[in-house]
Amino acid sequence: AISTAACSSLLLPCSRAHVASARRRGLDAPLLGVPGFVSWLETHSPEALVEMPALPRENSEITPRDVDVVAFDLNSLVHNALRNARDEDQAIAMVFQMLHSALRQVRPRTTVVLALDGAAPIAKLETQRKRRATSSRRDERKKSKPDTRNKKRRPAGVSALCATPGTRFMASLEGALTYWICAELQTYRARGLRFLLSGSDVPGEGELK
């Protein structure tokens, strides 16, 4: 078994709380993010980008591709989970399932990066505010409209507004991700790996982190 303290020492601090904790313990606290890196990579080294097949089913056999670093822009997974979940707890469980499926496709040698969207740059905040206002009005209309369709339809999903930095859901998700990382570190496949978790309290979008 591995203690919580040991887990904490293996997680590189990438949120403000982790940065403060790391500095008290004399650890380095790297800031994640290289703006424009993916666009530069597509232009100068397109051969470095490899299209992966669809995520495999849980019980299917697959030969994983060995790579040095696996980096997740988690908000794409979070939004997909929110659309298909009955409630917030199920959405978090679905994020874990998608992480496990992806890590069955690719086998990291050194690092796994989990990056959530933080506060966006000022230039994008107004656009986000308008999108969230529109989404909120749409959710209210759905709640007030009487439901005459078949009751056996798939779940309506959870509001995407839950994925906004600073919400209760995001705090719960980050706590659950920390737990998931500690659980992974106790497995054989994660021996020697380091996990970087950049939370929603760190400014910047997940793809830049």
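Biologist: How many salt bridges are there?

Modeller: A salt bridge needs a side-chain nitrogen of Lys or Arg within 4 Å of a carboxyl oxygen of Asp or Glu. This is a predicted model, so local features need pLDDT of at least 70, side-chain atom pairs count only at pLDDT 80 or more, and totals for chains, interfaces and linings use all residues. Residues are numbered from 1 along each chain as its sequence is written, and side-chain values use heavy atoms, with hydrogens and water left out. By the salt-bridge rule the count is three.

Biologist: Which residue forms a salt bridge with Arg107?

Modeller: Side chains of opposite charge can pair when their charged atoms come close. For Arg107, the closest N and O atoms of the pair are 2.6 Å apart. The partner of Arg107 is Asp66.

Biologist: How many residues apart are Arg107 and Asp66?

Modeller: Helices (H or I, at least four residues) and strands (E, at least two) are DSSP runs, numbered from the N terminus. Arg107 sits in strand E3 (residues 106-115), and Asp66 in strand E2 (residues 65-73). The pair links distant parts of the chain, and the separation is 41 residues.

Biologist: Is Arg107 buried or exposed, or in between?

Modeller: Buried means under 20% relative accessible area, exposed over 50%, and partly exposed in between (1.4 Å probe, protein chains only). Arg107 has 43% relative accessibility.

Biologist: Which strands hold Arg109 and Asp68?

Modeller: The side chains of Arg109 and Asp68 meet in a salt bridge, 3.1 Å from N to O. This pair also links distant parts of the chain, 41 residues apart. Arg109 lies in strand E3 and Asp68 in strand E2.

Biologist: Arg189 forms a salt bridge with Glu184. Is Glu184 buried or exposed?

Modeller: The closest N and O atoms of Arg189 and Glu184 are 2.8 Å apart. Arg189 counts as exposed, at 54% relative accessibility. Glu184 has a relative accessible area of 5%, so Glu184 is buried.

Biologist: Which residues does Asn75 touch?

Modeller: Asn75 is in helix H4 (residues 74-84). Asn75 is buried, with a relative accessible area of 5%. Contact means heavy atoms within 4.5 Å. Leaving out residues up to four places away in sequence, Asn75 touches Ala115, Leu116, Asp117 and Ala163.

Biologist: How many disulfides does a search of the whole structure find?

Modeller: A disulfide is a pair of cysteine sulfur atoms within 2.5 Å. Cys162 is buried at 15% relative accessibility, and Cys182 is buried at 16%. The number of disulfides found is zero.
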